[in-house]
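Please look over the sequence and the model before reading on.

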Amino acid sequence: MLEVSGLTVRFGGLTALDGLQLRAAAGELLGLIGPNGSGKTTFFNALTGFVPVSGGQVRFDGKDITGAAPRRVAACGIARTFQRLRLLSELSVFDNLMLGLHLDLPHGPWVNLFARRRLAAAVRERAAEARELLAVFSPALAGRLAEPLRALPMIDRRRVEICRALVRAPRLLLLDEPSAGMTPDETAALMDDLHAVKARRPGTAVILIEHDMAVIERVSDRCLVLDYGRRLCEGSFAAVSRDPEVRRAYLGEA
């Protein structure tokens, strides 16, 4: 589904990604790990059009999307979350979810002036879908669509952000440290949610950036380790955790 070859990103004299090679298959959960500053989030940003690409190629379903704008990447079927929540706390849970559907809902001056019923019908239809998706994560949360996001605890905000990415039924989901700021129990619950979503959408590929190795061990089919923007090691979690180069990158020479 996704094939990345020689992907390079430079910020002035700093090379953040250095000829990265990566593949992800339909239905696979790929764990992307590495020390801080190894280029994990930069890869997500380059893939989704948030930073310019200096070299290499990205192909999704056989189409070249290298350096494509975020709107085009989303239209291809790729969705993402962010390391720091990018939700609007003053808006309702439902409104935040609808932001993920801006490519699908009928809107614009013509609709606002002459076809508001069409928009209202589309929103009602999507509301039912959003409630069903939230219920996979938390039945209680599905009943809180009208509440402001600021009233929710961190784990539910993370659930809303993941659901906002999932609401368009993407074929590739990029999760950037979804457990950041949560307790171990909340992290375990969120990973249970992720398993439930994968069971309902078995063809969806997921690339997960995570520093909690217990999470990576539990949910990933395969791991890829980055160090200084390069692919250091790839394989099962058991294999990469035993690799001496991976231990050196995380723990130092000593």
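The sections below cover the basis of the model, its strands, its cores, one serine and the cysteines.

## Basis of the model

The model is predicted, so local features need pLDDT of at least 70 and side-chain atom pairs count only at pLDDT 80 or more, while totals for chains, interfaces and linings use all residues. Residues are numbered from 1 along each chain as its sequence is written, and side-chain values use heavy atoms, with hydrogens and water left out.

Helices (H or I, at least four residues) and strands (E, at least two) are DSSP runs, numbered from the N terminus. Buried means under 20% relative accessible area, exposed over 50%, and partly exposed in between, with a 1.4 Å probe and protein chains only. Strand β8 covers residues 205–209; because 5 of its 5 residues are buried, the strand is largely enclosed by the rest of the structure. Ala205, Ile207 and Ile209 lie on one side of β8, Val206 and Leu208 lie on the other, and all are buried. Strand β7 is mostly covered too, with 5 of its 5 residues buried. From β7, Leu172, Leu174 and Asp176 point one way, and Leu173 and Leu175 point the other way.

Two strands pair if DSSP finds at least two bridges between them. β8 pairs in the parallel sense with strand β3 (residues 29–33) over 4 bridges, and Leu29 stands opposite Val206 in β8. β8 also pairs in the parallel sense with β7 (residues 172–176), over 5 bridges. Here Leu172 stands opposite Ala205, and Leu174 stands opposite Ile207. Strand β6 (residues 78–80) runs parallel to β7 and is joined to it by 3 bridges, with Ile78 opposite Leu172.

## Nonpolar cores

In soluble globular proteins, nonpolar side chains tend to be buried together. A nonpolar core is a set of buried Ala, Val, Leu, Ile, Met, Phe, Trp, Tyr and Cys residues joined through side-chain atoms within 4.5 Å. The largest one has 45 residues, and Val93, Leu97, Leu134 and Val160 have the most contacts inside it. Another core, of 28 residues, lies apart from it and includes Leu20, Phe43, Leu47 and Leu226.

Contact means heavy atoms within 4.5 Å. Leaving aside neighbours within four places in sequence, Val160 is in contact with Leu87, Val93, Asn96, Leu97, Leu141, Leu149 and Leu152.

## Ser38

Ser38 sits in the loop between β3 and α1 (40–47). Its relative accessible area is 1%, so Ser38 is buried. A polar atom of its side chain lies 2.8 Å from the backbone oxygen of Pro35. Not counting residues up to four places away in sequence, Ser38 touches Ala16, Leu226, Asp227, Tyr228 and Gly229.

## Cysteines

A disulfide is a pair of cysteine sulfur atoms within 2.5 Å, and the count by this rule is 0. Cys223 is in no disulfide, and the nearest cysteine sulfur, that of Cys233, is 9.0 Å away. Cys223 is buried, at 0% relative accessibility, whereas Cys76 is partly exposed, at 24%.

Key. A polar contact is a pair of N or O atoms within 3.5 Å; within protein, one must be able to donate a hydrogen and the other to accept it, and residues adjacent in sequence count only if both atoms are side-chain atoms.
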